[in-house]
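I opened this one with my notebook beside me. Here is what I looked up, entry by entry.

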Amino acid sequence: MLQHFDPKLDYSRDYGTPASLSEKQITLEVDGVEIRVPEGTSVMRAAALADINIPKLCASDNLEAFGSCRLCAVQIEGRRGMPASCTTPAEEGMKVSTQTDKLAKLRRNIMELYISDHPLDCLTCPTNGNCELQDMAGAVGLREVRYGFDGENHLQAEKDTSNPYFTYDPSKCIVCSRCVRACSEVQGTFALTIDGRGFDSRVAAGQDESFLDSECVSCGACVQACPTATLTENSVIEMGQPEHSVVTTCAYCGVGCSFEAEMKGDKLVRMLPYKGGEANHGHSCVKGRFAFGYATHKDRIRAPMIRDSIDQPWREVSWEEAIGFAAGRLKAIQAEHGRESVGGITSSRCTNEEAYLVQKLIRTAFGNNNTDTCARVCHSPTGYGLKQTLGESAGTQTFDSVLKADCVLVIGANPTDAHPVFGSLLRRRLREGASLLVADPRHIDLLDTPHLNDSMHLPLRPGSNVAMVNALAHVVINEGLEDSDFIASRCDTDGYNQWRDFIADVRHAPESVEEITGVPGDKVRAAARAFAKAPNAAIYYGLGVTEHSQGSTTVMGIANLALATGNIGREGVGVNPLRGQNNVQGSCDMGSFPHELPGYQHVSDSVARGHFEAAWGVEIDPEPGLRIPNMFDAAIAGAFRAMYVQGEDIAQSDPNTQHVEQALRSLDCLIVQDIFLNETAKFAHVLLPGSTFLEKNGTFTNAERRINRVRKVMPALAGKEDWEVTQELSNALGYPMNYSHPSEIMDEIASLTPSFAGVNYDKLEQYGSLQWPCNDVHPEGSPIMHVDDFPIGKAKFAITEFVPTTERANRRFPLLLTTGRILSQYNVGAQTRRTENQVWHNEDVLEVHPHDAEERGINDGDWLGISSRAGHTVLRARISERMQPGVVYTTFHHPHSGANVITTDNSDWATNCPEYKVTAVQVEKVTQPSEWQKNFHDNHHRQQGFLREARTEVS
Ligand code: SF4
Ligand code: SF4
Ligand code: SF4
Ligand code: FES
């Protein structure tokens, strides 16, 4: 396991080797200082914990000790020679000397050899002042180099500048292998090797390719590990060393990595993964590490804008005028069309405090429950399904828990692309020997994990998840593999008996559902046995589970499987939804849904409602309000007239784009608060500049329920943080809000939300982060849920009948389209498209299996028209065997692709989560864009022109 956050550690220091988690303590003496450390701690780390810094070059505290440079040699009483302190475990009673004449001489000799093959350009080197080689030369007192600089050397070696974010300058390499080990041990990509031997040895990416052409995924782990200027961030080369840093949380995916935002004045130089972050332990992916340039992109909206109609140019106005205009319109619309005629959407990208405030604004100032969030279109079935079965709408584990799993079942998720830092952790566990089961229509990269021990791919057909999880559970029950003790003690007996009779029926047998899933029955049986027999089996799932007409049913089926096998309530097991956006968990927790107040308290619950009514001083409607799709339908019908959208791009992200566009066009007033003129803003009447995560204070809650601080590192570009704007809109509407800092909003959340009762900013400072529930019962938070009992007492098995989607392949639409994400881009791409990440994915393509391509005469790179019953769009073809025949795949990161023009308005029966993952389509070669794409381009240019006009007028 990895070490928990320890406030006594200085995470900006490198303690040389990883922490030992042994509970047994031993005592040793280093330079006469008595030190007590856990057994298994290296001598180097023990010394470092007592502030005795032994020189080192090849060791780093996130890598296993390697023992190659010998600079860390020490002398140990009673032992011969000078062992390396990084590879020598501390022992009880050991007496270590780190500073003797003999050691000093040895270290100077070593450094002399390194320096004799090093360009002596320290003064102009980008890492001058932050270079371990330079520090070590100083530390060992190197004053001369006897070997001269004229011999054979690497000083003219050519730089590799292919990666947009970092440069490889081999002339500075000391071949310490830290980069190679970081790529293997931390990232798990194995893209680097040390090529050649002796003097000729050098770091090589891939098969001696450039970094860009190799398998490197630009996570930055090697750059962070490098003790010299060999691997250096381009931003550091351009801007110089940062001067100060602030710890904050990544605003991309639901892993919620912690970073030190390293600054020079108010300019961000580098995002360095923070070792004290418990979600990432100092690791990162290309998005959080490097793709932050969008924050200062020229496209940022810097001033509020208004217009009377969407066919008019924008007018840049003051904040007061824009907010007054928005409030005036909202009031007039409600006066004419009623209280229910307006609503809003909270953002899963904004902070908890901001999401809380938007839903509060809607329930108080708007006076209705017409609040929803983009979790509607991703993980709403998770909330519903887990609440029904386990009693709480959240995942059950920490990410680190996977390091104790023996079998990992991944369903409908692609962690190495969508949740990369968790993907690396999972790969580490797989290398250690855990077995992997993947149920996915597509061959995902996880199946190609280097040094994978045991894996099985169940390439099921899109839309057959329920049949698959039922078949797995059927085998568990019919082969007597269930955990009877767990079921008897932790689950509702009547419900279990009913479910057992249901699932034991032969219609759920793997062989019976072969026709549906497309996966041979014996394979499913083998997978079920592997899962049930593993001491610890864990389930990880993503949008490939939820975004279906039976998304909620699959979530409940997953919970059934975990309960039946007793895989809940301890480390190494559990039900783990991998959340898409950074704050999906948080926006749901904060009461963004129309039927739930913060903390999943139903609006019909009079006691809960009473608490909020007393605190907010308003009456709250006991009936749920409109969900996003209902808002669209009501807008088209004329009953819903105005919408406030904070930080979501519903015009791009929601299904059936033409329907969404029609709805947005029907509104009398659309208020969009965002950092760019996104697709939704093109239909807006008021555009309020949003602030990025770098420009505000608050908290995000990641997929492990971890509440992490977001800290402001630079002033808000347009002068206001998002919560301030919501507050001003509320005040303009006549409902007073007077917060002076987001910590006050969190205090209010804690006072009204039982699972957050013990959360406050001071405690977050003290603990680094907190996993809810955090209250009197769990004052330090709850890393693992349901350890002793469930919030509903006993867990409930759910009957999960498979009901095929109505979206089926037929003669007209013979292929099934499914969608997903790619590592380098994020969601609608608004941020990543405005960074160098474009190098890896500058357009969405349609992956087609070679059989389907051959049948249609399609070649790689051809333009393909894709038609569904919802619409038609055009993408370039990529022939790929990742898909099974009959299934095609695309991403949705570029708006002009129109991926959602073809997705339908089918949705989950319980939550209306759209069925993005199954669309029956036909594809054919074409020569020009679709009608929708042509219109999209026209409107795009027109709206951009309106924006330019507004800016020109002001300047
Ligand atoms: S950036 Fe990451 S993936 Fe690429 S070589 Fe370095 S450690 Fe490996
Ligand atoms: S590139 Fe850096 S980390 Fe890698 S071997 Fe060279 S000096 Fe060491
Ligand atoms: S894994 Fe997710 S949270 Fe972590 S750096 Fe990447 S995008 Fe950010
Ligand atoms: S730091 Fe110990 S051998 Fe290099």
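This is a predicted model: local features need pLDDT of at least 70, side-chain atom pairs count only at pLDDT 80 or more; totals for chains, interfaces and linings use all residues.

I checked His849 and found it buried (under 20% relative accessible area, with exposed over 50% and partly exposed in between; 1.4 Å probe, protein chains only), at a relative accessible area of 9%. I placed His849 in the loop between strand E30 (845-848) and helix H28 (850-856); helices (H or I, at least four residues) and strands (E, at least two) are DSSP runs, numbered from the N terminus. Leaving aside neighbours within four places in sequence, I saw His849 in contact (heavy atoms within 4.5 Å) with Ser880, Glu881, Met883, Gln884 and Pro885.

Residues are numbered from 1 along each chain as its sequence is written, chains are lettered from A and ligands numbered from 1 in the order written, and side-chain values use heavy atoms, leaving out hydrogens and water.

Next I went to ligand 1. Around ligand 1 (a heavy atom within 4 Å) I listed residues including Phe166, Cys183, Gln187 and Cys222. Helices H4 (178-187) and H5 (221-225) each give two or more residues to that shell. I sorted the shell of ligand 1 into 9 nonpolar, 3 polar and no charged residues; Ala, Val, Leu, Ile, Met, Phe, Trp, Tyr, Cys and Pro count as nonpolar, Asp, Glu, Lys and Arg as charged, and the others, Gly among them, as polar.

Then ligand 3: its shell has 9 nonpolar, 2 polar and 1 charged, with Lys287 and Pro420 among the residues there.
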